[in-house]
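Trainee: I have a structure to read and would like to go through it feature by feature. Can we start with the surface?

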Amino acid sequence: MTILALIAGMLLLIIGAEGLVKGASRLAVRFGMSSLLIGLTVVAFGTSSPELAVSLKAAIDDQAGIALGNVVGSNVFNVLFILGVSALIVPLTVAQQLIRFDIPLMVGLSLLVLLLVLDGSVGRLDGGLLVIGLTAYLLFLFRQSRREPSPESRAKHGPIGARLLNNLAYVVGGLGMLVLGSRWLVDGAVVFAQSLGVSDQVIGLTIIAAGTSFPEVVTSIVAALRGERDIAVGNVVGSNVFNLLGVLGLAGLLAPTGIAVPEAMAGFDIPVMNAVALLCLPICFTGGVISRWEGGVLLAYYLAYTLYLILAATHHDALPVFSVTMLFFALPLTALTLVVLVLQERHRGIRPL
């Protein structure tokens, strides 16, 4: 029954997010929003609704490991797995606005969360600060949409004449499925973790983080296949920003005693989230494209991160060798390669015509 609850919860999350995104996207394009802005707002926030529903439920139930692990794990999953798989399918073009503003914002917010958890918790004051940041971000994007309308995007993303009530029904029905699916998923995951002796933190970082990110996976892959690369990348960046500001902020506000931050997460997983966000800067800067080989590197690092969590949770004998290999070989080699690529890009940019 626990496994059935997990599967049913994930299915409801996927179906609910699909309905929410479908209805919200059709409503948004009627206002002439560009593909990038749709990806950063409607699609990103819609596909992040499972993370919001799960983390709020976990925070209210005082399950801090799941509430925080879901946010951190989802952000790592979004960049490494989703961008990695999408870029392997087709190289992703990165819009200049993402490079100049949204990706640096994601990096800055990841660092802010690292600073906020230094006292061992995410309390109501921290949550309020993050929610205020989300409001400011939404106002900025709204002004951008008013400044740069894109009427032609309507033809790409849905019928202009779609009836308002039908689209509202998609949104309301999708939200209802998300709430029910999140309850089943969290309840099933807690029982599953307890039966295997695995901590809530690891379950939140892996199973729940991947499960609630399925809508982002489907959305970004479909967008990449259809040539909507702004949506594919904007979806990931916007989802990560929303997870940090909206999901973690609201969870911190609603948690009865705040969200306690496990030492292992503050010392390892949140720094990994920061490193992954920082990795986006050189990858996206090189030519404004995430190439197939860069997508392969991102995907390989997600598999390595997941393997590390499994080895650490089971106290496997291979953990020391694996850690040394990653720390002294794989990571320095990747960093050196990216530095060389960035220097080459700068050289091309200043070369005389």
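Mentor: The model is predicted. The protein chain exposes about 15,800 Å², and carbon and sulfur atoms supply 71% of that area.

Trainee: What does the secondary structure come to?

Mentor: There are 14 helices and four strands in the protein chain.

Trainee: How do I read the contacts along the sequence?

Mentor: Take contacts between residues at least 6 apart in sequence, then ask what share joins residues at least 24 apart. In the protein chain that share is 86%.

Trainee: Which residues touch the most other members of the largest nonpolar core?

Mentor: Start with the general idea. In soluble globular proteins, nonpolar side chains tend to be buried together. Here the largest nonpolar core has 103 residues, and L80, L98 and I259 touch the most other members. Helix α4, residues 64-89, gives this core its largest share, 14 residues.

Trainee: What does I259 touch, not counting residues up to four places away in sequence?

Mentor: I259 touches A64, A67, L68, G120, S121, V122, L248, A251 and G252.

Trainee: Which residues make the nonpolar surface patch?

Mentor: I3, I7, L11, I15 and M177 make a nonpolar surface patch of about 460 Å². Helix α1, residues 2-29, gives the most to the patch, with four residues.

Trainee: Is I7 buried or partly exposed?

Mentor: I7 lies in helix α1. Its relative accessibility is 45%, so I7 counts as partly exposed.

Trainee: How many salt bridges does the structure hold?

Mentor: Again, the general idea comes before the case. Side chains of opposite charge can pair when their charged atoms come close. The structure holds one salt bridge. It joins the side chains of K57 and D61, with 2.5 Å from N to O.

Trainee: Are K57 and D61 buried or partly exposed?

Mentor: K57 has a relative accessible area of 19%, so K57 is buried. D61 has 34% relative accessibility and therefore counts as partly exposed.

Trainee: Where is N240 placed?

Mentor: N240 is in helix α11, residues 229-254. With a relative accessible area of 2%, N240 is buried.

Trainee: What does the side chain of N240 reach?

Mentor: The side chain of N240 reaches the backbone oxygen of N75 at 3.4 Å. Apart from neighbours within four places in sequence, the contacts of N240 are S74, N75, N78, V79 and M106. The case of V79 shows how sequence and space are read side by side. N240 and V79 are 161 residues apart along the chain, while their C-alpha atoms are separated by 8.5 Å.

Trainee: Where does G46 lie?

Mentor: G46 lies in helix α2, residues 35-47. The relative accessibility of G46 is 6%, so G46 counts as buried. Not counting residues up to four places away in sequence, G46 touches A17, L20, V21 and T41.

Trainee: Which residues are in contact with N274, leaving aside neighbours within four places in sequence?

Mentor: They are V107, S110, L111 and L114. N274 itself lies in helix α12, residues 263-285. At 13% relative accessibility, N274 counts as buried.

Trainee: Why does A312 count as partly exposed?

Mentor: Partly exposed covers the range between buried, under 20%, and exposed, over 50%. A312 has 27% relative accessibility and therefore counts as partly exposed. A312 lies in helix α13, residues 292-314. A312 and V202 are 110 residues apart along the chain, and 9.6 Å separates their C-alpha atoms.

Note on methods: Residues are numbered from 1 along each chain as its sequence is written. This is a predicted model: local features need pLDDT of at least 70, side-chain atom pairs count only at pLDDT 80 or more; totals for chains, interfaces and linings use all residues. Side-chain values use heavy atoms; hydrogens and water are left out. Helices (H or I, at least four residues) and strands (E, at least two) are DSSP runs, numbered from the N terminus. Buried means under 20% relative accessible area, exposed over 50%, partly exposed in between (1.4 Å probe, protein chains only). A polar contact is a pair of N or O atoms within 3.5 Å; within protein, one must be able to donate a hydrogen and the other to accept it, and residues adjacent in sequence count only if both atoms are side-chain atoms. Contact means heavy atoms within 4.5 Å. A nonpolar core is a set of buried Ala, Val, Leu, Ile, Met, Phe, Trp, Tyr and Cys residues joined through side-chain atoms within 4.5 Å. Patches are made of residues with over 30% relative accessible area and no salt bridge: like charges are joined within 9 Å, nonpolar side chains (Val, Leu, Ile, Met, Phe, Trp, Tyr) within 5 Å. Accessible areas come from the Shrake-Rupley method with a 1.4 Å probe; for residues, only the protein chains shown count as cover. A salt bridge is a side-chain nitrogen of Lys or Arg within 4 Å of a carboxyl oxygen of Asp or Glu.
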